[in-house]
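The sequence and structure come first.

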Amino acid sequence: LWLLSPCRPACPEWCPSECFAAKEIAESFLSHRHYIFNLRANAVRCLVQRNEQGERKSRGKRVALVKPDELRAWIERKGELGGFRIVADRPLDIGPMVKCHFRKKEQAACHGGVDFRGVLEVTDHAKFKETYYNGIGRAKGFGFGLLLLWWFLTNMAFGVRIRALTGRFQAVIAECSGASEDRPEVRSAVPASDGSEQSTQT
């Protein structure tokens with residue numbers, strides 16, 4: 001289980017102390033221009049619903065996006081609102097939707113999660129910082145919307161680096177997915193205010 005918190009979290013009672021770790025994120029970490037990113041998001045759109053009188057309801061019906069072009073448009077739109085853009089000449093990997101089942105008020109329900117991996121360019125650092133701390137999309141309480149970031153210089157050997165980091169992201173997700181079966185492992189990242197060592201484990 002990975003989380004991002006504005007203050008140092010306490011180790012929960014159900015988590016063994018040796019499985020809990022926290023690392024501060026330096027302010028400078030979010031000052032770069034380009035990042036390789038990994039995001040598991042609940043990408044949906046809301047359909048307008050009306051009552052019997054034809055009046056629009058306050059809440060629409062959420063429908064999961066599954067088509068690649070719709071998903072790409074979704075992440076690009078989130079970027080426009082969140083202070084970044086998807087770098088067009090770099091590969092954007094969009095995984096298949098994976099269902100996350102849960103129960104709400106004794107009723108079975110599920111959220112659809114989609115993995116996005118690619119390169120982003122920051123266009124507005126203030127908005128991007130807010131996006132990083134708040135997450136992207138819906139169902140954040142179910143583990144969606146957390147940005148995993150790795151900054152890089154544009155003159156790096158990009159092809160080799162993104163493949164290596166994508167492999168690392170996949171390994172981290174696999175590790176976290178399996179950690180809850182026997183002994184949950186909690187890792188957290190705490191934004192730093194004193195310019196301490198930066199963290200890419202977010």
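## Burial and fold

Of the 202 residues in the protein chain, 38% are buried. Buried means under 20% relative accessible area, exposed means over 50%, and partly exposed lies in between (1.4 Å probe, protein chains only). This is a predicted model, in which local features need pLDDT of at least 70 and side-chain atom pairs count only at pLDDT 80 or more, while totals for chains, interfaces and linings use all residues. Residues are numbered from 1 along each chain as its sequence is written, and side-chain values use heavy atoms, with hydrogens and water left out.

The protein chain has three helices and eleven strands. Along the sequence they come in the order β-β-β-β-β-α-β-β-β-β-α-β-α-β. Helices (H or I, at least four residues) and strands (E, at least two) are DSSP runs, numbered from the N terminus.

## Cysteines

The structure contains zero disulfides, a disulfide being a pair of cysteine sulfur atoms within 2.5 Å. Cys11 is partly exposed, whereas Cys15 is buried.

| Residue | Relative accessible area | Class |
|---|---|---|
| Cys11 | 34% | partly exposed |
| Cys15 | 5% | buried |
| Leu3 | 30% | partly exposed |
| Lys104 | 55% | exposed |

## A loop residue

Ala139 is not a glycine, yet its phi is positive, at about 60 degrees. The residue sits in the loop between α2 (125-134) and β10 (147-151). With 15% relative accessibility, Ala139 counts as buried.

## Surface patches

Patches are made of residues with over 30% relative accessible area and no salt bridge; like charges are joined within 9 Å, and nonpolar side chains (Val, Leu, Ile, Met, Phe, Trp, Tyr) within 5 Å. A salt bridge is a side-chain nitrogen of Lys or Arg within 4 Å of a carboxyl oxygen of Asp or Glu. Accessible areas come from the Shrake-Rupley method with a 1.4 Å probe.

Arg62, Lys104, Lys105, Arg138 and Lys140 form a positive surface patch. Lys and Arg count as positive, with the charge placed at NZ of Lys and CZ of Arg. Lys104 belongs to strand β8 (residues 98-104) and is exposed.

Leu1, Leu3 and Trp14 make a nonpolar surface patch of about 300 Å². Within this group, Leu3 lies in strand β1 (residues 2-4).
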